[in-house]
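Please read them with the structure open beside you.

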Amino acid sequence: MISLTVNGKAYKADVAPDTPLLWVLRDTLGLTGTKYGCGIAQCGACTVHVNGEPVRSCTAPVAQAAGKKVTTIEGLARDGSHPLQKAWIAEEVPQCGYCQSGQIMSAAALLAKNKSPSDADIDRAMSGNICRCGTYNRIRKAIHAAAATMRR
Ligand code: FES
Ligand code: FES
């Protein structure tokens with residue numbers, strides 16, 4: 001039995017310790033906002049935070065998150081009011097949407113550490129998040145907009 005705190009809620013999951021965190025989030029806990037893309041830590045679609053750090057949940061064993069604080073897109077803000085979520089809507093970032101929860105989680109981890117990221121900072125922090133629809137310019141714009149809101 002693995003004890004997890006996800007989005008502020010305590011869970012116990014009866015899974016093998018080497019089960020990928022992504023499967024526990026999606027299949028055991030029903031938190032399907034986190035997506036499965038490549039399964040080999042290459043696309044970033046499955047990004048969540050573990051103790052505030054961005055983690056590729058498709059390859060992270062659940063045991064690695066035991067006793068730590070996991071945050072998924074569902075827990076970023078209960079009501080969608082996080083500045084990134086608002087900027088994503090205002091800038092109409094998503095196209096198919098598949099990669100976007102991972103993109104937002106990587107962006108949130110960046111803004112938690114860097115309140116005024118440059119284009120280069122954003123490109124570096126987001127380089128592990130692939131978007132097959134090519135929304136990169138709008139993602140960058142939305143991150144700048146959210147950063148400006150958070151500095152106010
Ligand atoms: S699904 Fe995890 S990085 Fe692609
Ligand atoms: S919006 Fe389609 S993969 Fe990024």
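This is a predicted model: local features need pLDDT of at least 70, side-chain atom pairs count only at pLDDT 80 or more; totals for chains, interfaces and linings use all residues.

1. Helices (H or I, at least four residues) and strands (E, at least two) are DSSP runs, numbered from the N terminus. Residues are numbered from 1 along each chain as its sequence is written, and side-chain values use heavy atoms, with hydrogens and water left out.

2. Most residues other than glycine have a negative phi. Glu-92, although not a glycine, has a positive phi of about 50°, and at 60% relative accessibility Glu-92 counts as exposed (over 50% relative accessible area; buried means under 20%, and partly exposed lies in between, with a 1.4 Å probe and protein chains only).

3. Ala-41 is not a glycine either, yet has a positive phi of about 60°. Ala-41 sits in the loop between helix 1 (21-28) and strand 3 (47-50), and with a relative accessibility of 33% Ala-41 counts as partly exposed.

4. Which residues have the most contacts inside the largest nonpolar core? A nonpolar core is a set of buried Ala, Val, Leu, Ile, Met, Phe, Trp, Tyr and Cys residues joined through side-chain atoms within 4.5 Å. The largest one has 19 residues, and those with the most contacts inside it are Leu-84, Trp-88 and Ile-143. At least two residues of this core come from each of helix 2 (73-76), helix 3, helix 4, helix 5 (119-126) and helix 6 (136-151), and helix 4 supplies the largest share, six residues. Apart from this core lies another, of 17 residues, including Leu-31, Val-48, Val-50 and Val-70.

5. A search of the whole structure finds one aromatic pair (rings of Phe, Tyr and Trp, the last by its six-membered ring, pair if their centres lie within 6.5 Å; planes under 30 degrees apart count as stacked, over 60 as edge-to-face and the rest as tilted). The ring centres of Trp-23 and Tyr-36 are 5.0 Å apart and the planes are at 55°, so the pair is tilted. Because Trp-23 lies in helix 1 and Tyr-36 in the loop between helix 1 and strand 3, the pair ties together parts that are 13 residues apart in sequence. Trp-23 is partly exposed, with a relative accessible area of 31%, and Tyr-36 counts as partly exposed at 35% relative accessibility.

Notes
Chains are lettered from A and ligands numbered from 1 in the order in which they are written.
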